[in-house]
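Dear colleague,

Please find the structure below, handed over for your reference. My notes on its charged residues follow.

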Amino acid sequence: MANQVETVITEELLPLLREERYVTIATVDHETGGTNVNAISWVYATDEKHVRFSVDNRSRIVENLKKQPLVTLTLIGEGSTYAIAGEAKVIEEKMEDVPLKLALVEISVNEVRDVMFYGARITTEPKYEKTYDKEAAEKLDRQVMGAMKK
């Protein structure tokens, strides 16, 4: 259903945002004022109005949000592509119980828009694999996701 707009994350999308997955985040670049897009994977929806994500606290994303809090997450799932727009704020500069210097950011959702072009359906969702030590990656993923759920 192209052009469908909601003010909250729907029941169908909520489970997709409660697991590590590939999403992109668009912010306003703090230096140029242009668009800045990054791929991230540590995301967690605490409820239908809030999505948390974690990134390196030296990331350009964090600097961008300090100047302009508007963001859009792009999620591919449930056969479509969704733009989740809202305002973000850094709620922890360095997450506890995580060995890396990661910031915890929370988005207050204003709009969820189905942005898939007319007459099409996603048949295969993006997949990725970690290219470093599998056990270390799984341990870090558990630590980060656990910290985001607090």
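Helices (H or I, at least four residues) and strands (E, at least two) are DSSP runs, numbered from the N terminus. This is a predicted model, in which local features need pLDDT of at least 70 and side-chain atom pairs count only at pLDDT 80 or more, while totals for chains, interfaces and linings use all residues. Residues are numbered from 1 along each chain as its sequence is written, and side-chain values use heavy atoms, with hydrogens and water left out.

Lys 134 and Glu 138 both belong to helix 2, four residues apart, or about one turn of the helix. Their side chains form a salt bridge at 3.9 Å, N to O (a side-chain nitrogen of Lys or Arg within 4 Å of a carboxyl oxygen of Asp or Glu). The structure holds 13 salt bridges. Another of them joins the side chains of Asp 97 and Lys 150 at 2.5 Å, N to O. That pair links distant parts of the chain, 53 residues apart: Asp 97 is in the loop between strand 7 and strand 8, and Lys 150 is in the segment after helix 2 (134–148).

Asp 114, in strand 8 (residues 102–114), is buried yet has no salt bridge; Arg 121, the nearest side chain of opposite charge, is 8.2 Å away. The side chain of Asp 114 does reach the backbone nitrogen of Met 116 at 3.1 Å.

With kind regards

Conventions:
Buried means under 20% relative accessible area, exposed over 50%, partly exposed in between (1.4 Å probe, protein chains only). Lys and Arg count as positive and Asp and Glu as negative; His and the chain ends are not counted. A polar contact is a pair of N or O atoms within 3.5 Å; within protein, one must be able to donate a hydrogen and the other to accept it, and residues adjacent in sequence count only if both atoms are side-chain atoms.
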